[in-house]
Structure formats: C-alpha cells, structure tokens
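Look at the structure first, then read on.

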Amino acid sequence: MPLSRLLTLIIGLSIILGLVLWLVNSLYLLYLQISFTAPLLANLLLLLLIVLIGALIFAFVYYLGLFRRSPSTASGRRREPKVPEEKTEAASESLKAIRQQVKQIQDEVAQQALLNRSREIEANLSRGELMVVVFGTGSAGKTSLVNALIGRMIGQVGAPMGTTEVGETYRLKFKGINRQILITDTPGILEAGVVGTQREQLARQLATEADLLLFVVDNDLRQSEYEPLLRLAEIGKRSLLVLNKTDLYADNDKETILARLRQRTRRFIAAVDVVAIAANPQSVMLEKGELLQPEPEIMPLIRRLAAVLRAEGEDLVADNILLQSQRLGEEARSLIDSQRRRQAEKVVERFQWIGAGVIAVTPLPVVDLLATAAVNAQMVVEIGRIYGCELNLERGRELALSLGKTLASLGIVKGAVQLMATALQLNVATYVAGKAIQGATAAYLTRIAGRSFIEYFRHDQDWGDGGITEVVQRQFQLSRRDEFIKDFIQQAIARVVQPLTANSEVEKEREW
C-alpha cells in the first residue's frame, strides 16, 4: 500500500476511534438519563447510533479500497485483453448449436464448409485479434491510406482502379493497445465486368467479417456507395467514414463535403467518426522546377482510430465474433430449411398423383373428393416427420379435415374444378373427361394442401397471424400462375388422361 494511503488510513482511523470513545461516553450518560423513564426508546437510540458508526467505518475503509484488489497487484502484471465473457459464452453456445444443426445437412460440401467456418470463428475467438478492413471504390485511395498508416510501401500507390485483386492483410501497432491489429486492403467495389463483380463480392465478404470498417470515399457519397455502407451498418458493423484526397479541394469545399457526409450518415455514423485525410497528396512544383512530395495528412484518422480501438476494442471483437456465429447459424438454418422443403415437396408431388389416380379410377362426389384426395392424412404425417414432428394418423386426419373444410369454405374446390375443366377441355376425349377432371382436380387440391402444410410445419406448427385461411389463399394464388398451370396440365395429361384413355380403349376392345 502506498505511504500516502497508509498515513490517510491511520489518521482517519484515529479520528474515528476518538469519535467512537466520545460517543460511547455520551451515549452512556444519555442512556442513564432516559432508561428509567423510557427504556425502549433508550435501547432503540443506542442501536441506531451503533449502526451509524458501523456504516461510517465500513464506508471509509471501502473507499480506501481495502475490499477491492487492484488488477495490477492481483496478478503482478498487466492483464491481457479479454473478450467480454457474456458475449464469448453466447458465441460459444451458438457455435455448438451450429455443429448440431450441421449434422442434419445432407450436402457434404456445404456441411464441411460450415464446419470449417465455425472453426475459423473459434480460432478468432481464441486469438482475439482486431481486424480493421479498408473498404470502398477502387479509385478512392484505399491502398494509399494503408501505405500511409503502416509507414511503408505495400502496393502501387496511384495505380488505376482494380489493382488490389485479393484482400491483403498487414499488421499495425498502436500505443496502449495490447491486441494484435490487422488491417486489410480490399478490392474496390463498383468495378466493371465479371471479374470486377467477383472482386466486389470478396470485398463485401471481408467487410462483413471486420471488427472495424474504414469506408473510404473521395467526394460526397454516391447512392451506389451509400447503400452498401447502410447495409453494413444494419448488420452491426462499426464504421469510420474517411474522406480521402482532401488536398484536391479548397478548405471551404472540403468542409462542405464533410458536412454533407455527416448529414447523410447521421443515423448510423457519429459526426466525430467522419474524418478527412490526404493519404497521398499530389506533388507540388517548386520555383526551381523541383517536385516536392508532401507528407501524408492522416493524423485525424490515426487519432480517431486509436481512440476507438482503445475505448471499444474489446466490445468490437466480442460483437463481431457473436455476429459471425449468428450469421453462420442463420446460413445453416437456411440450408436445412431448403433441404426440408425439397424433401417435403417430393412427398406432396407423390401424394398428389396417387390421389389423382385413385379418384380417376373411382370418381366420387366433390365432397368425398376433398376428404380423400385433396388432403391426405398420411401425407401430413410424412411432411411433419421431415420437420421433426412425429404425428399419428389420427392427428393427421384432424389436420387434414381442418384444412379441407377451409378449402371448401373459400370456394377453392369449386374454383379448382372449373380451372381444370377449362384447361383440359381441349386435351381430353369426351368419354374420359369427367374422370380426368376429377383426377386432375384431386392432384391440384392435394398440391395446395400439401404446400400449405409445409408452411405450417416450417413455422413450428403455427399458421401465423393470418391463420390457416391466409396460408391456403396464398398457396392457391401461387398455384394459379400461368407458368405453373401449363406445366401441371402437361403432367396431368401424362399421369391421368393418357392412362384413362388407354384403359378406356382396352375396355372397348373387350366389349367388341
């Protein structure tokens, strides 16, 4: 303990001890005076004063820090930076959940890719590096900015758009920041051609993985620059907006541009995070005809960058790791959802033509058609199983009946019959028309019902805010599109009409 603090402690305790002795003597005299007339009041007064003295002593000692250990004295050395524990635990739990999800993915390539990315996130979590990514158009001077920051040449300064073809990473060191700082120069966005598009995709990917983003512009934001900056902010990216090439502008023009930038980005970037620099100023011709290369003017950026990394570095790392794990989880869920949807649609397609065949062979009234073919209990059970929901046939029948009543109440059954009759009338012989229309209608209604149940199971057995009616109507509208009807009728002709026609001809031959 420092000598000054020790002396303060001794003096303070001496004063408190003197006050305690004086109070004890005073309380004793006061207690003797009132104890005979009001003993309860005397005891309460004594207890209250004792509590106050104890609280005073505790507050004094606590203030001096006796109950708090200094980080430096506890370990004997300065502690290494550590990612906030709550966010670290959340990221770790998210990665564990992702690995469980990945096991359900049948595509081995996609499965391995997700596993590799989860390992990369874990590696970043353990290393704890700060990744700063420089992002912007190819002409904004990103490479010049990186050159100026690290103090040595690493690329072609002043090269034409498209020079940086891959993300290149370099190391920086700031005083007072123990973490390793990596700065990545990305390919430019908005470049022409297929190659330019591919480079932009790489740049965007690197930007989404950054702990801190330096978005570089050389003038007011164009809409094509504003949109990616806004999207990155919406997913949680912390950004500094850097106006480069200010040596090309008069002071008034520079201030005008800065004001516009701050105004346009005020919703997601603080005014102090919009800085002006000249990473590679133009050469100046001297009177003697010699060229003078001015020094880069990047101190405003260095000061702001250092301030942000010192104040927010730990949270930036933690937030980014958590964001990456959450995005990876969303990607895994999306892949699983697509896989399940494909499997469920195969089930729907199989049952729609099974039902069509049954109805075509033994035509039934429309109500029976609805109950037996449009919504099949076994189909519901199989779709539920794909989505991890085990249903028995009885529950499947209940769901089927509920949806069947909805189809009838909305007039979809009648509308389906009319739609199939109109679509098939030019392709079906008169003597099989009734059977063909009922069979095709059965398949059509089964499709609507099946796809409605896919939505039901996708959302954890919930029809949503609009209920079953909205889901069924939406699927009916999707199934009325011309491109679908044309394809569906061709399949109906092949699977229903042609077999019926062949059977009818065989029966006629037998009669003859």
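Q: Which element gives the largest share of the lining of the largest pocket?

A: In this predicted model, helix 5 gives the largest share of that lining, with 5 residues.

Q: What makes a residue part of the lining of the largest pocket, and which residues lie nearest its centre?

A: A lining residue must have an atom within 4 Å of a pocket point, and 17 residues line the largest pocket, with Glu120, Asn124, Met131, Glu209 and Asn320 nearest its centre. The elements that give two or more residues to this lining are helix 5 (108-127), strand 1 (130-136), helix 7 (193-208) and helix 10 (299-361). The space in the pocket is about 410 Å³, and its lining residues divide into 7 nonpolar, 4 polar and 6 charged.

Q: Why is helix 13 called roughly perpendicular to helix 16?

A: The axes of helix 13 (residues 393-409) and helix 16 (residues 467-478) come within 10 Å and cross at roughly 65 degrees. Angles of 65 to 115 degrees count as roughly perpendicular, and therefore helix 13 is described as roughly perpendicular to helix 16. The crossing in which helix 13 passes helix 16 is right-handed.

Q: How do you know that helix 13 and helix 16 meet, and which residues are involved?

A: Contact means heavy atoms within 4.5 Å, and on that basis Ser402, Leu403, Thr406 and Leu407 in helix 13 meet Ile468, Thr469 and Val472 in helix 16. The residues of this contact divide into 4 nonpolar, 3 polar and no charged.

Definitions and conventions: Residues are numbered from 1 along each chain as its sequence is written. This is a predicted model: local features need pLDDT of at least 70, side-chain atom pairs count only at pLDDT 80 or more; totals for chains, interfaces and linings use all residues. Side-chain values use heavy atoms; hydrogens and water are left out. Axes are lines fitted to C-alpha atoms, for helices over the stretch in contact, and angles run from 0 to 180 degrees between N-to-C directions. Helices (H or I, at least four residues) and strands (E, at least two) are DSSP runs, numbered from the N terminus. Angles under 35 degrees count as roughly parallel, over 145 as roughly antiparallel, 65 to 115 as roughly perpendicular and the rest as oblique. A crossing is left-handed if the near helix is turned anticlockwise from the far one by less than a right angle, and right-handed if clockwise. Ala, Val, Leu, Ile, Met, Phe, Trp, Tyr, Cys and Pro count as nonpolar, Asp, Glu, Lys and Arg as charged, and the others, Gly among them, as polar. On a 1 Å grid over the protein atoms alone, a cavity is a set of points where a 1.4 Å probe fits but cannot get out, and a pocket is an open set with protein on both sides within 12 Å along at least five of seven lines; lining residues have an atom within 4 Å of a point. Grid points are joined across faces, edges and corners, and a volume is the space filled by probe spheres set on the points.
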